[in-house]
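Please read them beside the structure.

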Amino acid sequence: MLKKQKLLKTQQHNKNTAFEILSEELIFTILDFLEWDPLAKKSFSLVCKSFYFIESKHRRTLTPLRTDHLPALLNRYPSVTDLDFTLCPRVTDNSLALVAGAYGDALRRVDLSRSKFFGGSGLLRLAMNCCNLVELDLSNATGLRDGAVAVVARARNLEKLWLGRCKMVTDMGIGCVAVGCRKLRLICLKWCVGVGDLGVELIAIKCKELRTLDLSYLPITEKCLSSIFKLQHLEDLVLEGCYGIGDESLDDDVFKQGCKTLKKLDISGCQNISHIGLSKLTSISGSVEQLILADGSPVTLSLADGLNKLSMLQSIVLGGCLVTSSGLKAIGNLCISLKELSLSKCMGVTDEALSFLVSKHKDLRKLDITCCRKITDVSIASIANSCINLTSLRMESCTLVPREAFVLIGQKCQYLMELDLTDNEVDDEGLKSISRCSRLSSLKVGICLNITDRGLAYIGKCCSKLKELDLYRSTGITDLGIAAVCRGCPDLEMLNTAYCTSITDSSLFSLSKCSNLKTLEIRGCLLLTSIGLAAIAMNCKQLSRLDIKKCYNIDDSGMIPLAHFSQNLRQINLSYSSVTEVGLLSLAGISCLQSFTMLHLQGLVPGGLAATLLACGGLTKVKLHLSIRSQLPEPLIRHVEARGCVFEWRDKVFQAELDPKCWKLQLEDLIQ
């Protein structure tokens, strides 16, 4: 016995000695390879004390769940350069002061885009203490005013600044940023409706290194454009929804300097810019590679002719535009080779025009023809025969395309990685052919009532790289089809089987073997129970989003395994299920949990809900029925809101489920 103990001690000592031989630099290199897998890094840190401390020193990115954990986290991880607060709903000035004091010059990036309750004093500490800060995201800080934004100007080395939806900020605050942050390469002012021509002009004049400028939905006019187009390094200009800019305001004087470096121009939603204005805009730079014109003026022959100056153009987005056949044919005749084209929800797309266009642009990699309801198998044949190098094809709701046409896609376009066939007539023979696309990683076949387990089995057998599968309301699918996919696609990360009413717990048992599963939507699957959900919880530990709405047989016994094993769960929809406050309270043990949706929970009592809201300290959003509000104490609601949680009160009546075919007919009636 003593000999055995001595032998074990010797073996353990030898192992420790082997680990000690490895240099810290070498172990850091090993950890670099684990960067994509947080669970692996966590397991590494738990091996021994030495590895625990080495992993702590190696960590460069930190994503806290709650700010009350900050002191311990800052102490454990001394080498952090990137701080992501997007999981923290409440970040105060004191929190930012702690961060600034702990990391100082080492800190380079801070993301506060989903946080509230911080202000000028916290930002001042960051700007003053963290001299090497290069990226700061303050998006959605709707309460920030000019004074708070002005202190950001102290961060002299800042290169990227996001202020999207900071609606209280005006030209004065932006002017301070322009004067102080001369090294800016990117600034996003989307929905900063208090910022006008003066603020934008100051940014353009002072920040001469700008590469990306997002001015979406700003009340600007032509007055600031001249300064913008003098920027010598500008590559990405977003003017989406800038209704104050139109043809009349685009004088030739605006474009005197030109902007020879511009690669991406987004004027989507600018309905006052017709082909005349577009022609002037495109004259400023022949190097534009991506042009976004979605929801804008009609695509006519004149508009398409204006694109001839863009010899480098590779991508055109026309989603939501009215198109003419002459306009599409003119795009086909452009002396360029398009790589990407979006015609999503474009009225007027016909077989003749689309077939001509794709025959001229045979090097297309991405094509979006979502809701092009006039095209038939003629267009699909042209696409399949001309664009054999496609990697992405989106064709949701192309309802006139017959089932035979989908066979061509699999026969010809075998490089596809993304395929969206939602609400189409594809059948099992189509899926059999599509299974030849062995690189497929995303497949959407929701509301496809002609597919069955047989077709899905081909996908499972041949598409081993599949990560996303959407079967929403495809009611011909049963446990056999799900089992085939799970056997053949072990890396599956997202599965949507909502309203596939024939699947049972057997499907969840099969799916539990896909350990990388992150998103599971099983709403309306009436035969599923807590037993199947427990299998998912125990084996799919990366699960972050779960929808069990209208799963009437899932109750509290399904929540307990989730609480124990699914520590990465962030979002859950429990509406219409049989979960009570017992199950809800058990979920409070999931520290990542941020979003609850709880409508029409019959077994829920106000006291249990109140206890759950108090116990779940990391919540950022809760959806409840309006009738519940009067039953909750107002101080409780204010307390939860003060922690950074937003309540959404819904006055939604109970809805019985329709037969899938009736539901689809109703949808088509609405569209027509």
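1. L22 is located in the loop that runs between α1 (2–21) and α2. The model is a predicted one, and the values below are computed from it. L22 has a relative accessibility of 32% and so counts as partly exposed, since that class covers values between the buried limit of 20% and the exposed limit of 50%.

2. I30 belongs to helix α2, which spans residues 24–33. With a relative accessible area of 41%, I30 is also partly exposed. L22 and I30, together with L26, make up a nonpolar patch on the surface. The accessible area of L22, L26 and I30 together is about 230 Å². Both L22 and I30 can be part of a patch because membership requires over 30% relative accessible area.

3. K549 is 519 residues away from I30 in sequence, and the C-alpha atoms of the two are 42 Å apart.

4. A patch of positive charge is also found on the surface, formed by R154, R156, R182, K206, K208 and K230. One of its members, R154, sits in the loop between α8 (146–152) and β5 (160–162). The relative accessible area of R154 is 42%, so this residue is partly exposed.

5. D377 is in helix α16, which covers residues 377–386. Its relative accessible area is 35%, and D377 is therefore partly exposed. Residues up to four places away in sequence aside, D377 touches V401, P402 and A405. A353 lies 24 residues from D377 along the chain, with 14 Å between their C-alpha atoms.

6. Is K623 buried or exposed, and what is the nearest side chain of opposite charge? K623 is buried and has no salt bridge. The nearest side chain of opposite charge is that of E648, at 4.1 Å. That distance does not count as a salt bridge because the cut-off is 4 Å between a side-chain nitrogen of Lys or Arg and a carboxyl oxygen of Asp or Glu.

Conventions: Residues numbered from 1 in each chain as written. Predicted model: local features only at pLDDT ≥ 70, side-chain atom pairs only at ≥ 80, totals over all residues. Heavy atoms only, no water. Patch = residues over 30% accessible without salt bridge, like charges linked within 9 Å, V, L, I, M, F, W, Y side chains within 5 Å. Areas by Shrake-Rupley, 256 points an atom, 1.4 Å probe, with all protein chains shown as cover. Lys, Arg positive; Asp, Glu negative; His and termini not counted. Charge placed at Lys NZ, Arg CZ, Asp CG, Glu CD. Helix = DSSP H or I, 4+ residues; strand = E, 2+ residues; numbered from the N terminus. Buried < 20%, exposed > 50% of the residue type's maximum accessible area, 1.4 Å probe, protein only. Contact = heavy atoms within 4.5 Å.
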